[in-house]
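Let us go through this model step by step, from the overall build of its chains to the places where their parts meet.

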Amino acid sequence: MGTKMFSESAIERIEQEYKEWLQEYEKALQKLPERLERFSTVSDMEVKSLYTPLDIKHKDYMEDIGFPGCYPFTRGVQTTMYRARLWTMRMFAGLGTAEQTNERFHYLINHGETGLSVAFDFPTLMGYDTDSPLARGECGRCGVAIDTIEDMQRLFAGINLEEVTTSMTINPPASVIWAMYIANAENEGYSRRKLGGTIQNDCLKEFIAQKTLMLPPEPSLRLVVDTVEFGTREVPRWNTISISGYHIREAGATAVQELAFTIYDGITYVEECIKRGLNVDDFAGRLSFFWNSHIDFFEEIAKMRAARRMWARIMKNRFKAQNPRSMMCRFHVQTAGCSLTAQEPYNNIIRTTTEALAAILGGCQSLHTNSLDEVYMIPSEFAVKIALRTQQILAYEVGVANVIDPLAGSYYVEALTDRMEEEANEYIRKLDEMGGMVAAIEKNYPQMEIADSAYRFQQQVERGEKVIIGINMFPSEIPPLEVLKIDPEIERLQIERLHRFKERRNKIKVQKALDELRRRCEGKPCWENNVMPALIEAVKAGATEQECCDVYREVFGTYTDPASF
Amino acid sequence: MGNERKLRILIAKPGLDGHDRGARVIARALRDAGFEVIYTGCHQTPEQIVQTALQEDVDMIGLSILSGAHNYSFPRIMELLRENNAEDIVVVGGGIFPLEDIPKLKAIGIKEIFTPGSKLEDIVKWVRENVKPRKAAA
């Protein structure tokens with residue numbers, strides 16, 4: 001039996017009344033016209049003045065909306081949502097050396113943060129050690145420098161790795177950094193089966209948006225599947241991919257593009273894992289997602305609700321998953337860095353609060369709130385505390401976590417959720433026709449779609465059609481602000497420390513371990529050639545991040561930015 | 001005649017940071033304004049940038065950087081331009097810079113620094129007013 005929400009006679013009556021109301025509206029506009037020629041979301045999706053049951057008249061409650069924890073998960077992935085457990089407050093943190101970042105971790109935990117998230121510096125993100133000529137001037141600037149297992153040990157000193165879950169934003173070298181994490185945890189006496197956390201490990205969005213580029217797409221996917229396969233067998237509490245829309249959005253995509261390209265990246269990973277011979281229900285439950293929460297409040301909530309429903313339908317229909325857990329789009333959210341301004345930076349607190357509220361109403365599992373000074377630099381302690389307190393005020397004071405998915409049934413939010421899904425599905429059809437995401441990336445398709453959106457938005461800002469307070473409305477200067485300073489001297493100290501480490505280790509053992517890694521990389525992708533066991537041996541023996549990544553680069557080749565604009 | 005040649009501009013991303021939204025938007029805006037634009041893509045060393053600038057015979061280099069590593073890459077690029085007798089190429093920077101770094105960068109010859117919130121229109125105007133085609137190499 002269907003569960004339509006309005007009877008035909010009710011719809012008929014509302015239709016009639018709506019027409020009459022529209023006439024009233026037109027009349028009223030003659031006295032006082034609308035403020036804008038066109039009302040649209042930050043993604044430039046045009047919206048009407050009013051939404052009514054007419055906009056959701058075809059919706060079937062059980063099929064399209066349903067109950068929390070139940071297919072299609074529109075209302076949330078857990079049955080109890082925030083009534084039983086709040087989202088994890090997980091602040092992205094990394095600065096300078098491993099010791100400085102460890103100090104920041106303890107500071108955040110002491111102020112009530114409930115999960116860790118590591119920001120690595122650019123050399124680490126790109127698979128270079130601090131002593132690489134390509135790393136000059138970068139050490140510790142945008143995150144923490146990690147070259148060796150000893151750095152990893154310093155990073156997590158005094159933190160119980162079986163109690164706290166750790167998310168690590170690392171992509172092409174994800175397997176290496178994960179191996180260091182596991183190896184360090186084992187050295188400290190923890191069991192790999194009890195470790196919980198996430199590696200971002202989403203190579204496709206690197207080509208599309210974030211541009212942390214190392215290997216060509218095909219071998220990048222092979223390494224991703226190796227980590228999924230290893231996690232499924234050996235580290236069952238670990239999320240092996242965080243399929244990320246965040247960076248796609250920051251690069252200028254619309255909400256629909258973020259949704260569509262990210263879901264399609266997810267489809268690609270599932271296909272690759274199935275090709276390896278994995279059973280979809282054995283691994284899909286450990287795939288997680290990462291969304292941006294941008295400044296347009298309702299659009300973001302609709303996007304997150306649509307993401308859950310889309311992923312559930314895709315996993316059930318396209319991949320024939322049986323286990324409900326395989327169908328759950330569990331996700332982390334970060335508020336939109338690109339919505340912040342250097343002008344009047346304290347206004348960023350208000351922007352971030354609104355975006356965090358959207359993430360909560362969108363049903364996130366964990367959340368990072370940006371600090372007011374992140375436009376300039378890695379946040380100061382002062383600024384990061386306000387950002388964490390923002391989440392705590394929303395969690396404990398405001399009452400938004402008391403009721404599950406409170407915006408369900410809003411005519412506007414439901415209609416917008418539908419539209420997000422429909423428009424994203426258009427892209428998915430198109431990507432299918434193009435032969436999949438790798439083929440699309442090679443044609444520069446998602447990259448140029450995003451570049452077009454970014455340019456369009458910038459032009460709208462220039463014309464004043466999109467408003468940014470402090471920039472094109474009530475413009476203001478960039479003030480001097482007390483921001484965190486990274487001492488350039490740490491680069492020299494980190495290099496010295498790395499060189500001492502290299503002298504101390506057993507070189508023959510390192511070489512043997514790297515040879516084994518190379519043999520596996522050169523071999524056919526399969527469990528016997530999975531890189532993870534070899535990497536864990538290699539980093540335990542003292543191989544550095546770059547030494548492992550150099551094996552990758554030598555075997556698989558490198559990839560350079562096609563530089564399209 | 002020579003003055004009518006379109007200005008040639010290199011937009012370059014030094015260092016390892018991949019934040020290329022700004023660089024690509026600026027590249028398009030300059031192209032739409034009628035300049036010839038070459039974009040390097042991400043992850044360029046100072047040596048690669050200067051080599052491209054010379055090969056492409058550009059009149060201006062726009063360096064986009066958001067990682068904070070400008071205090072290494074910018075001086076190195078200026079040094080390489082001088083070594084190659086190309087110090088008349090106008091060099092500007094765009095991205096995130098601590099306010100106290102800006103005078104230091106200007107002192108080494110960076111002509112202008114464009115910070116977050118800069119208007120495309122103003123950047124185009126600045127280029128028109130401040131960059132002239134280089135005299136052909138002897």
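This is a predicted model: local features need pLDDT of at least 70, side-chain atom pairs count only at pLDDT 80 or more; totals for chains, interfaces and linings use all residues.

Along the principal axes, the C-alpha atoms of chain A fill a box of roughly 85 × 55 × 45 Å, and 51% of the 565 residues are buried. Of the contacts in chain A with a separation of 6 or more, 77% are between residues 24 or more positions apart.

Chain B has five helices and five strands, and these follow the pattern β-α-β-α-β-α-β-α-β-α when read along the sequence. With a radius of gyration of 14 Å, close to the 14 Å given by the globule rule for 138 residues, chain B is likewise as compact as a globular protein of its length. The box filled by the C-alpha atoms of chain B, taken along the principal axes, is roughly 40 × 35 × 25 Å, and buried residues make up 46% of the 138 residues. Among contacts in chain B with a separation of 6 or more, residues 24 or more positions apart account for 73%.

Returning to chain A, the domain assignment divides this chain into domain 1 (8-62), domain 2 (85-463) and domain 3 (492-556). The centres of domain 2 and domain 3 of chain A, taken over C-alpha atoms, are separated by 27 Å, and 35 residues of domain 2 are in contact with 22 residues of domain 3. On the domain 2 side, the elements that give two or more residues are helix 5 (149-155), helix 6 (174-187) and helix 8 (217-234) of chain A, and helix 8 gives the most, with eight residues. The residues on that side divide into 19 nonpolar, eight polar and eight charged.

Which elements do the buried residues of helix 20 of chain A pack against? They pack against helix 5, helix 6 and helix 8, together with helix 19 (507-522) and helix 21 (545-556) of chain A. The buried residues of helix 20 (531-541) of chain A include Val531(A), Met532(A), Ala534(A), Leu535(A), Ile536(A), Ala538(A) and Val539(A). Helix 20 is followed by Gly542(A), whose phi is positive, near 115 degrees.

The strands of chain A come next. Nine of them form an open sheet with parallel pairing, in the order 5-4-3-2-1-9-8-7-6. Strand 5 (238-239) and strand 6 (241-244) of chain A stand at the edges, each with a single partner strand, so one side of each is left without a neighbour in the sheet. Strand 6 of chain A pairs in parallel with strand 7 (287-293) of chain A over four bridges, and the bridge partner of Ile241(A) in strand 7 is Leu287(A).

In soluble globular proteins, nonpolar side chains tend to be buried together. The largest nonpolar core here has 188 residues, and those with the most contacts inside it include Ala179(A), Leu535(A) and Ile61(B). Helix 10 (255-275) of chain A gives the most to this core, with 11 residues, and at least three residues are drawn from each of domain 2 and domain 3 of chain A. Not counting residues up to four places away in sequence, Ile61(B) touches Leu10(B), Ala12(B), Ile49(B), Ala53(B), Ile89(B) and Val91(B).

Finally, where the two chains meet, 34 residues of chain A are in contact with 31 residues of chain B. Helix 4 (122-126) and helix 17 (445-463) of chain A are the elements that give two or more residues to the chain A side, and the largest share, five residues, comes from helix 17. The residues of that side divide into 20 nonpolar, eight polar and six charged.

Technical notes
Residues are numbered from 1 along each chain as its sequence is written. Chains are lettered from A and ligands numbered from 1 in the order in which they are written. Two residues are in contact if their C-beta atoms, placed from the backbone, lie within 7 Å. Ala, Val, Leu, Ile, Met, Phe, Trp, Tyr, Cys and Pro count as nonpolar, Asp, Glu, Lys and Arg as charged, and the others, Gly among them, as polar. Domain bounds come from an automatic or database domain assignment. Two strands pair if DSSP finds at least two bridges between them. A nonpolar core is a set of buried Ala, Val, Leu, Ile, Met, Phe, Trp, Tyr and Cys residues joined through C-beta atoms within 7 Å. A residue is buried if 20 or more other C-beta atoms lie within 10 Å of its own, exposed if 12 or fewer, and partly exposed in between; C-beta atoms are placed from the backbone. The radius of gyration is taken over C-alpha atoms; the globule rule is 2.2 Å times the number of residues to the power 0.38.
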